[in-house]
Amino acid sequence: DKAFKHIIQLMDESGLKPETHNLRVGVKGGGCSGLSYVMDFDDTIEPTDETVEIKGQLRVVIDRKSILYLFGTELNYSDGLNGKGFQWENPNASRTCGCGESFAL
């Protein structure tokens, strides 16, 4: 719920509407563990993309290659004293880096 609310807030602050823009998440090569998470807003959905609708208000778009790495992953948001930011909980990762931004399988 915190991640969802924060994403909607970020979209609002950027002047983006969930009706016209999506949250695109994916994986790219790099980072200290080999693969890095990526997340951005965009207004396109490719024929090969997978989409998930959250609470009927937000479309999450994932490219076909990334879905294999992200299957079952949960995105959380922390605003506590130990740091603010998104946290990826990926059951497919065999190891993660200290910052939580990259992983290995």
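Hi everyone, let's start with helix H1, which covers residues 2-13: its twelve residues reach 16 Å from the first C-alpha to the last, close to the 16 Å expected at 1.5 Å a residue. Please keep in mind that this is a predicted model.

Which residues of H1 are buried? They are Ala 3, Phe 4, His 6, Ile 7 and Met 11.

What do the buried residues of H1 pack against? They pack against six named strands: S1 (22-29), S2 (35-42), S3 (50-54), S4 (58-62), S5 (74-80) and S6 (83-89). And if you follow the chain just past the helix, you will find Gly 15, with a positive phi of about 75°.

Next, the core. The largest nonpolar core has 18 residues, and those with the most contacts inside it are Ile 7, Leu 23, Val 25, Leu 58, Val 60 and Leu 70. Two or more residues of this core come from each of H1, S1, S2, S4 and S6, and H1 gives the largest share, with four residues.

Let's look at one of those residues, Leu 70. Setting aside residues up to four places away in sequence, Leu 70 touches Val 25, Gly 26, Val 27, Tyr 37, Ile 62, Asn 90 and Asn 92.

Now for Ser 66, which you can find in helix H2. Is Ser 66 buried or exposed? Ser 66 is buried, because its relative accessible area is 0%, and buried means under 20%. Apart from neighbours within four places in sequence, Ser 66 is in contact with Gly 26 and Val 27. A polar atom of the Ser 66 side chain lies 2.9 Å from the backbone nitrogen of Val 27.

My last stop is Phe 71, in the loop between helix H2 (64-70) and S5. Phe 71 counts as exposed because its relative accessible area is 64%, and exposed means over 50%. Leaving aside neighbours within four places in sequence, Phe 71 is in contact with Pro 91 and Asn 92. From Phe 71 to Glu 46 there are 25 residues in sequence and 19 Å in space, C-alpha to C-alpha.

Definitions and conventions:
Residues numbered from 1 in each chain as written. Predicted model: local features only at pLDDT ≥ 70, side-chain atom pairs only at ≥ 80, totals over all residues. Heavy atoms only, no water. Expected span 1.5 Å × (residues − 1). Buried < 20%, exposed > 50% of the residue type's maximum accessible area, 1.4 Å probe, protein only. Contact = heavy atoms within 4.5 Å. Core = buried A, V, L, I, M, F, W, Y, C linked by side-chain atoms within 4.5 Å. Polar contact = N/O pair within 3.5 Å; in protein donor to acceptor, adjacent residues only side chain to side chain.
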